[in-house]
Amino acid sequence: MPKNKRLDLGVQYACQRATLPGRKQVRTWVRRTLKATGRPGGQISVRFVDAEEGRRLNSGYRDKDYATNILSFPYQIEPSVCGDLVLCAPVLVREANEQGKSLAAHCAHLVVHGLLHLQGYDHEASDEQAAEMEGHERRILAALGYADPYRDES
């Protein structure tokens, strides 16, 4: 069955969005990631949320009572990728500051990371899968002009 080349992308802001990346930037990250993994299209939603919604979702779906940086909800991989990504804005801002990265670079990394999860990659399954996933992330982010997110800065 041929893969769908059309990208149906929704970007939602359910929180303060002044410093968050815009829809055009998110679309670029999503398109480049899907293209790099051989999936030029799909149905993807990217939602930026506040800490309360992030905590509620993480608690409800992962039994972890705190807001996490990103949650991935895959619905379908074939013939095209369908799923939702939920990014918690306050966590992203805090982590970017702690890691000495721009918010855009951190958001790009997590969108790429989340999209790989939507395609079935799982860094927690094995060391081999983690290395494969990180390799994809490094290549895609480099092509987008961002530094290696796994490079040890110390």
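Ala105 counts as buried, at 18% relative accessibility. Buried means under 20% relative accessible area, exposed means over 50%, and partly exposed lies in between (1.4 Å probe, protein chains only). Ala105 sits in helix α4. Helices (H or I, at least four residues) and strands (E, at least two) are DSSP runs, numbered from the N terminus. Ala105 and Gly145 are 40 residues apart in sequence, and their C-alpha atoms are 9.0 Å apart in space.

This is a predicted model: local features need pLDDT of at least 70, side-chain atom pairs count only at pLDDT 80 or more, and totals for chains, interfaces and linings use all residues. Residues are numbered from 1 along each chain as its sequence is written, and side-chain values use heavy atoms, with hydrogens and water left out.

**Cores**

The largest nonpolar core has 36 residues. A nonpolar core is a set of buried Ala, Val, Leu, Ile, Met, Phe, Trp, Tyr and Cys residues joined through side-chain atoms within 4.5 Å. Trp29, Val30, Ile44, Val46, Phe48, Leu85 and Leu87 touch the most other members. β1, α1, β2, β4, α3, α4 and α5 (127–143) each supply at least two residues of this core. α4 gives the most, with 10 residues. Apart from this core lies another, of eight residues, among them Leu71, Phe73, Cys88 and Val91.

Contact means heavy atoms within 4.5 Å.

**Helix α3**

Which residues of α3 are buried? They are Ala89, Val91, Leu92, Glu95 and Ala96. These residues cover an arc of only 155° around the axis, so they lie on the same side of α3. The arc is that of the directions from the helix axis to the C-beta atoms. On the other side of α3, Asn97 and Glu98 are exposed. The cover over the buried residues of α3 includes β2 (42–49), β4 (81–88) and α4. Gly100 follows α3 and has a positive phi, near 65°.

**The largest pocket**

The largest pocket holds about 490 Å³ of space. On a 1 Å grid over the protein atoms alone, a pocket is an open set of points with protein on both sides within 12 Å along at least five of seven lines; lining residues have an atom within 4 Å of a point. Grid points are joined across faces, edges and corners, and the volume is the space filled by probe spheres set on the points.

The lining has 22 residues, and Asn69, Ile70, His113, His117 and His123 lie nearest the centre of the pocket. α2 (51–62), β3 (70–76), α3 (89–99) and α4 (103–118) each supply at least two lining residues.

**Loops**

| Residue | Loop | Relative accessible area |
|---|---|---|
| Thr19 | between β1 (7–14) and α1 (23–36) | 60% |
| Asp63 | between α2 and β3 | 71% |

Thr19 and Asn97 are 78 residues apart in sequence and 13 Å apart in space, C-alpha to C-alpha. Asp63 has a positive phi of about 55°, although Asp63 is not a glycine.

Where does Pro79 lie? Pro79 is in the loop between β3 and β4. The peptide bond from Glu78 to Pro79 is cis, with omega near 0°.

Methods
On a 1 Å grid over the protein atoms alone, a cavity is a set of points where a 1.4 Å probe fits but cannot get out, and a pocket is an open set with protein on both sides within 12 Å along at least five of seven lines; lining residues have an atom within 4 Å of a point.
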